[in-house]
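Me: Can you walk me through this one? I'd like the fold, then the charges, then the core.

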Amino acid sequence: MDETEIRTLLEERLHELSERLEEIDEDLHEHEEDDFGDRAIETAGDEVLEGLGSAGQREIQQIRAALVRLDKGTYGTCTRCGQPVGERRLQAIPHAALCITCAGQG
C-alpha cells in the first residue's frame, strides 16, 4: 500500500470509531428502566459499553499517532527499536507502532 492508501484507511477507521463511540456515549446516557432487575441488566450492559468505549479510545489514540508518523515520514518504523514494523504486520494492524519482536516484549 502506498502512503495515500494507508492514510485513507486510517482516516476511515478513525471516523468509524468516532461514530461508534458517539453511539456508545448516547447509549450510556439512556436509562429508562425503573424495575430493579431491568436496572441491573442495564448496569451490566453499561459496563460492557464502557469497556468497548475505552478500547475504542485507545485505538483512536493509536491511529492518530500513526497519522503523525505518516506526516513525519517514520510510519512503518518501530517506535521502540527503530527496525521496520513489517509489511504483514502493518497490513493486519495499520496503526501498529511496534515490530512483532517489541510488541511481544510487552
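Me: How many helices and strands does the secondary structure of the protein chain come to?
Reply: This is a predicted model. The protein chain has 4 helices and 0 strands. Along the sequence the pattern reads α-α-α-α.

Me: Salt bridges next. What's the count?
Reply: The count is 5 salt bridges.

Me: Which residues are linked in a network?
Reply: Arg13, Glu16, Arg20 and Glu59. Arg13 meets Glu16 at 2.5 Å, N to O. Glu16 also meets Arg20, at 3.2 Å.

Me: How are Glu16 and Arg20 placed in helix α1?
Reply: They sit 4 residues apart, so about one helical turn separates them. Arg13 and Glu16 are 3 residues apart in helix α1, again about one helical turn.

Me: And what does Glu3 form a salt bridge with?
Reply: Arg7, with the closest N and O atoms 3.9 Å apart. Glu3 is partly exposed at 46% relative accessibility. Arg7 is partly exposed too, at 21%.

Me: Switching to the inside. Which residues touch the most other members of the largest nonpolar core?
Reply: Leu10, Ile63, Leu67, Leu70, Tyr75 and Cys78, out of 19 residues. The elements giving two or more residues are α1 and α2 (36-72). The largest share, 6 residues, comes from α1.

Me: What percentage of the protein chain is buried?
Reply: Buried residues make up 29% of the 106 residues.

How values were computed: Residues are numbered from 1 along each chain as its sequence is written. This is a predicted model: local features need pLDDT of at least 70, side-chain atom pairs count only at pLDDT 80 or more; totals for chains, interfaces and linings use all residues. Side-chain values use heavy atoms; hydrogens and water are left out. A nonpolar core is a set of buried Ala, Val, Leu, Ile, Met, Phe, Trp, Tyr and Cys residues joined through side-chain atoms within 4.5 Å. Buried means under 20% relative accessible area, exposed over 50%, partly exposed in between (1.4 Å probe, protein chains only). A salt bridge is a side-chain nitrogen of Lys or Arg within 4 Å of a carboxyl oxygen of Asp or Glu.
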